[in-house]
Amino acid sequence: MVKKEEEDFEEKKSIKKRIKELKVLDPKIAQNLSIFLGSFRVPYEEIKVMILEVDETQLSESMIQNLIKHLPEQEQLNALSKFKSEYNNLSEPEQFGVVMSNVKRLRPRLSAILFKLQFEEQVNNIKPDIMAVSAACEEIKKSKSFSKLLELVLLMGNYMNAGSRNAQTFGYNLSSLCKLKDTKSADQKTTLLHFLVEVCEESYQDVLNFVEDFQHLDKASKVSAENLEKSLKHMERQLQQLEKDLQTFPIPEDKHDKFVAKMSISFGVFFKKKTNQK
């Protein structure tokens, strides 16, 4: 009797195993997806609604990042959609795939949601650098002392270049200021920078205080223009992609689908600015 029960149990176990065999997904992909889903313990339909509604109260940056990382390719999701009638016989990762298979443009949608969740942090990361550089530029433009210093350098340069093709120059590159300390007298004991300081001390003492006009210059000098430009271009590309996605997104078929509406409200102002600039 006991032997018969053991055989029945093993047979049921074997049947269950055959039923739960993967239909579409690669075992490794299914395993990773299963681990990811196990960490949330949220019904798959609820996850789907969160994504459709762009529910920031429940969606987190790490959740979307991991979902993008472990999400099966669209071809596999399309294949899984054909197993809706066999839903209860599928393994959990493939059940999840079936639920998500009818979400239009799922991967672009997730990428856009991730951008939305990260946007404020990205702005806060670069804002101090932009503010410092902008403030420093304004201080340089408004500084009368520094403007006078540049004028004196130009006068000195034109005096030294009298009779040459560079005489009566109307301006020069700021990089030329670095050459003041490299231009030496005939006896090599003094430089053009020393001479400039002596002239200012004798006749233009107010010019010597130009550094006091630059409250933000030290902080601005530490900003990496290359990194700042890289960050801004990256955000610009993300905005351009989002704008393109919103223009081509299909008409919502699910009452919970608020993707286009919410994204348009959040980022519409950037698209308007871009249009006005054109």
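Reader: Why is Leu-180 called buried?

Author: The model is a predicted one, and in it Leu-180 has a relative accessible area of 8%. Buried means under 20%, so Leu-180 with its 8% is counted as buried. Leu-180 sits in the loop between α8 (144-160) and α9 (192-203).

Reader: Which residues is Leu-180 in contact with, leaving aside its neighbours within four places in sequence?

Author: Leu-180 is in contact with Val-153, Thr-191, Leu-192, Leu-193 and Leu-196. Val-153 is 27 residues away from Leu-180 along the chain, and the C-alpha atoms of these two are separated by 8.8 Å. As for the chain, contacts with a separation of 6 or more come to 75% from residues 24 or more positions apart, and 31% of the 278 residues count as buried.

Reader: What makes the pair of Phe-115 and Phe-119 edge-to-face?

Author: A search of the whole structure finds nine aromatic pairs. In the pair of Phe-115 and Phe-119, the ring centres are 5.5 Å apart and the planes stand at 80°. Centres within 6.5 Å make a pair and planes over 60 degrees apart make it edge-to-face, so these two rings meet both conditions. Ring pairs also link Phe-115 and Phe-119 with Phe-267 into a cluster.

Reader: How do you know that Phe-115 and Phe-119 are separated by about one helical turn, and are they buried or exposed?

Author: The two residues are four apart in helix α7 (residues 106-142), which means a separation of about one helical turn. Phe-115 has 3% relative accessibility and Phe-119 a relative accessible area of 14%; with the limit for buried at under 20%, both therefore count as buried.

Reader: What makes Glu-138 and Lys-142 a salt bridge?

Author: The closest N and O atoms of Glu-138 and Lys-142 are 3.9 Å apart, and since the criterion asks for a nitrogen of Lys or Arg within 4 Å of a carboxyl oxygen of Asp or Glu, the pair qualifies as a salt bridge. Both residues lie in helix α7, four residues apart, about one turn of the helix. The structure holds 10 salt bridges. Another of them joins Glu-151 to Lys-148, with the closest N and O atoms 3.7 Å apart, and these two are three residues apart in helix α8.

Reader: Why is Lys-142 called exposed, whereas Glu-138 counts as partly exposed?

Author: Lys-142 has a relative accessible area of 64%, and exposed means over 50%, so Lys-142 is exposed. Glu-138 has 35% relative accessibility, which falls between the limits of 20% and 50%, and Glu-138 therefore counts as partly exposed.

Reader: How do the terms apply to Asp-182 and Lys-181?

Author: Asp-182 forms a salt bridge with Lys-181, the closest N and O atoms being 3.5 Å apart. At 52%, Asp-182 counts as exposed, because exposed means over 50%, whereas Lys-181 at 49% is partly exposed. Elsewhere, salt bridges that share partners join Glu-138, Lys-141 and Lys-142 into one network.

Reader: Which residues form a nonpolar patch on the surface, and why does Leu-208 count as partly exposed?

Author: Leu-193, Val-197 and Leu-208 form the patch, with about 210 Å² of accessible area together. Leu-208, in the loop between α9 and α10 (217-221), has 37% relative accessibility; this value lies between 20% and 50%, so Leu-208 counts as partly exposed.

Conventions
Residues are numbered from 1 along each chain as its sequence is written. This is a predicted model: local features need pLDDT of at least 70, side-chain atom pairs count only at pLDDT 80 or more; totals for chains, interfaces and linings use all residues. Side-chain values use heavy atoms; hydrogens and water are left out. Buried means under 20% relative accessible area, exposed over 50%, partly exposed in between (1.4 Å probe, protein chains only). Contact means heavy atoms within 4.5 Å. Rings of Phe, Tyr and Trp (its six-membered ring) pair if their centres lie within 6.5 Å; planes under 30 degrees apart count as stacked, over 60 as edge-to-face and the rest as tilted. Patches are made of residues with over 30% relative accessible area and no salt bridge: like charges are joined within 9 Å, nonpolar side chains (Val, Leu, Ile, Met, Phe, Trp, Tyr) within 5 Å. Accessible areas come from the Shrake-Rupley method with a 1.4 Å probe; for residues, only the protein chains shown count as cover. A salt bridge is a side-chain nitrogen of Lys or Arg within 4 Å of a carboxyl oxygen of Asp or Glu.
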